[in-house]
Amino acid sequence: MTERLSSGSERLDAVLGGGLPLNGIVLIGGNPGSGKTILAQQYVFHNASTDRPAMYLTTVSEPLEKVLRYGQSLDFFDPSALGTRVIYEDLGRTLNDDGLTGTLAHITELLKRTRPGLLVIDSFSALQTYATGPQKFREFLHGLAGRLSAVPITSFWIGEYSNTETSDSPEFAVADAILSLSTYREADRDRRVLSVVKLRGSGSLSGRHAYRLSSAGIHVYPRMADPVELDRYDGTHERMSSGVPALDDMLFDGYYRGASTLLAGPSGVGKTLLALHFIFAGAARGETGVIATFQENPTQLERILKGFSWSLDDPGIELMYRSPVDLYLDEWVYDLLDTVHRTGARRVAIDSLGDLRASSGDELRFREYIYSLLQRCARANIGVVMTQDVHDLFGVSRLSEYGISHLSDNVILLQFLRGDSQLKRALTILKARGSAHDPFTRQYEITTDGVVLGDHFADAQDLS
C-alpha cells in the first residue's frame, strides 16, 4: 500500500484518496490569490518534525519577508518551529547571480545539510525565465528530479499556471501529483474550486471540489455525488409522526423513518409551521431535531414559536440559521451533516429549497447535492422535511422547478382556495412512496395549536 502524506484536513485527504503519495513531486498550480502558498504551508507545519524538517524555498515571485509576514496570520503557523522543524530560505540572490546551474547546486547542498522530509519551492514557474531555452530548463528539471528521487522527500512545486500550460510545461510530466486551484464567476460571486489533475498510482475523487480560505488554512468541501448503495439501507418499516395526528392518519401512521418529505405551496400557506410540527414532535419523543433555516433569523423564529408554545430553548432543538445573502451550497451541506453528527439528530427540517437553489448557479450540482444529502440521511434513518415555494397562489399547476419532488419519498401540497368571503387552506398528499395514503384533499386551519385538519372536501366542491 502506498504511504500517504496528510494535509491535516480530513476532507482534502479524502479527495486525494487518503492523502498525497509520500516522497513524490507535487505540483500546485493556480491563479494569484488562489491559496497555493497557504496550502503548501499547511502541509509544512502539519508534517514537519525535528528529525525530518520541512524546508520552504522562495524564488523571485514574492520576497521571503512577505511570505513570513502573511504566514504569521495563519493559525497553524508556529514561530517556535522556525529554524528547527521549519526552515525558510531565499533562492532569489542565487538565481540572479548564478542562474539555474547555481540554484541546482545550492538546493543540492541544502538537501545534504538539512536532510528535510518535505521541500517547497515557491514559485517554481518563475524559474523558467532563468533558462536560456527550453532544453536548458529540461536539463535543470532532470537534474532536480534526479536529486529528489534519490532521497526520501516529498517536494511541492508552486506556480501560477494556466490551463493551457498543463499540457505544455515539462514540469507537469515530471510531477507525481498535480493539484489545480482555480476561481470562476458564478452569478455575482466568485467560487473557488480544487481539482486533482493527476495522482500517479492512486485514485482520487473526480470533479471540482469547492474550498474556502481562512486563517485556519484551506477548507475543502468534496463534490457530493453519492452512488446508490442498496446494501447500506436497512429497510426499516418503523414510522415517525409528522407532529399532526390527523396527517399521520392520512399517511397510515406517519412517515417512514428516514424518509424525505417535500412540503410545497405558496408563501404564507403554512409550510414552515408543518415542518416545525415534525421537529417538535420528535423533540417531545427524545429525538433531537435540526431546523436549518434561511427564512427567519433566531429572533424572528422564536417569536413565531412562542405563538404555538414552542421554544428554541428546548434541549431537543438545534437551530442552524444561515443568511441567504452569502450562502454557498457546498459549505452549507457539509455544515448540516456536521451538525447532525454532532447533535445525534434524528430529524431535519430545511426551510427552504428555493434559497439553496439560488446559492447554486448550476442546477445539476444542486440536484446532486440534494440527492446525496437525502441518501446519506436515509441510510442513517434520519427523517428530512423540506419546504418549497410554488408560484401559483391558487390552482397550483406546477409543483417543482428543480426536480426535487422526484427525489422525495413523500410530497404534500398545501394550497389556498377561494372561499365565499375568506381564503381557505387545503392539504393533499400527492405522493407517499411505498405506502398507502388518503387521496382526498382536506381543509385545514392554523390555530394556536398549529395545523388543525378538518374534513375532506365534497366531491362536487370546486377546489380552484
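A charge sits over a ring if NZ of Lys or CZ of Arg is within 6 Å of the ring centre and within 35 degrees of the ring normal. I then turned to R239, whose charged end sits over the ring of Y256, 3.9 Å from its centre.

I note the basis here: the model is predicted, local features need pLDDT of at least 70, side-chain atom pairs count only at pLDDT 80 or more, and totals for chains, interfaces and linings use all residues. Residues are numbered from 1 along each chain as its sequence is written, and side-chain values use heavy atoms, with hydrogens and water left out.

**Ring pairs**

I describe a pair of aromatic rings by the distance of the centres and the angle of the planes. My cut-offs: rings of Phe, Tyr and Trp (its six-membered ring) pair if their centres lie within 6.5 Å; planes under 30 degrees apart are stacked, over 60 edge-to-face, the rest tilted. How many aromatic pairs does the structure hold? I find 14. In one of them, Y221 and Y334 have ring centres 6.0 Å apart and planes at 45°, so I log the pair as tilted. Y221 belongs to strand β11 (residues 217-221) and Y334 to helix α11 (residues 329-343), so this pair ties together parts 113 residues apart in sequence. Helices (H or I, at least four residues) and strands (E, at least two) are DSSP runs, numbered from the N terminus.

I take buried as under 20% relative accessible area, exposed as over 50%, and partly exposed as in between (1.4 Å probe, protein chains only).

I next checked F308 and W310. Their ring centres lie 5.8 Å apart with planes at 35°, so this pair is tilted. Both residues are buried. I also noted a cluster: ring pairs link F124, F137, F140 and W157.

**Backbone**

Most residues other than glycine have a negative phi, and most peptide bonds are trans.

S309 has a positive phi of about 65° and is not a glycine. I place S309 in the loop between α10 (298-306) and β16 (317-321). S309 is exposed, with a relative accessible area of 69%.

R115 also has a positive phi, about 45°, and is not a glycine. R115 lies in the loop between α4 (92-114) and β6. At 61% relative accessibility, R115 is exposed.

Which peptide bonds are cis? One runs from D122 to S123, with omega near 10°. S123 sits in the loop between β6 (118-122) and α5 (134-149). Another runs from D351 to S352, again with omega near 10°. S352 sits in the loop between β17 (347-351) and α12 (353-358).

**Helices α11 and α13**

I finished with this packing. The axes of α11 and helix α13 (residues 363-379) come within 11 Å and cross at roughly 5°. Axes are lines fitted to C-alpha atoms, for helices over the stretch in contact, with angles from 0 to 180 degrees between N-to-C directions. The two helices are therefore roughly parallel; I use under 35 degrees for that, over 145 for roughly antiparallel, 65 to 115 for roughly perpendicular and oblique for the rest.
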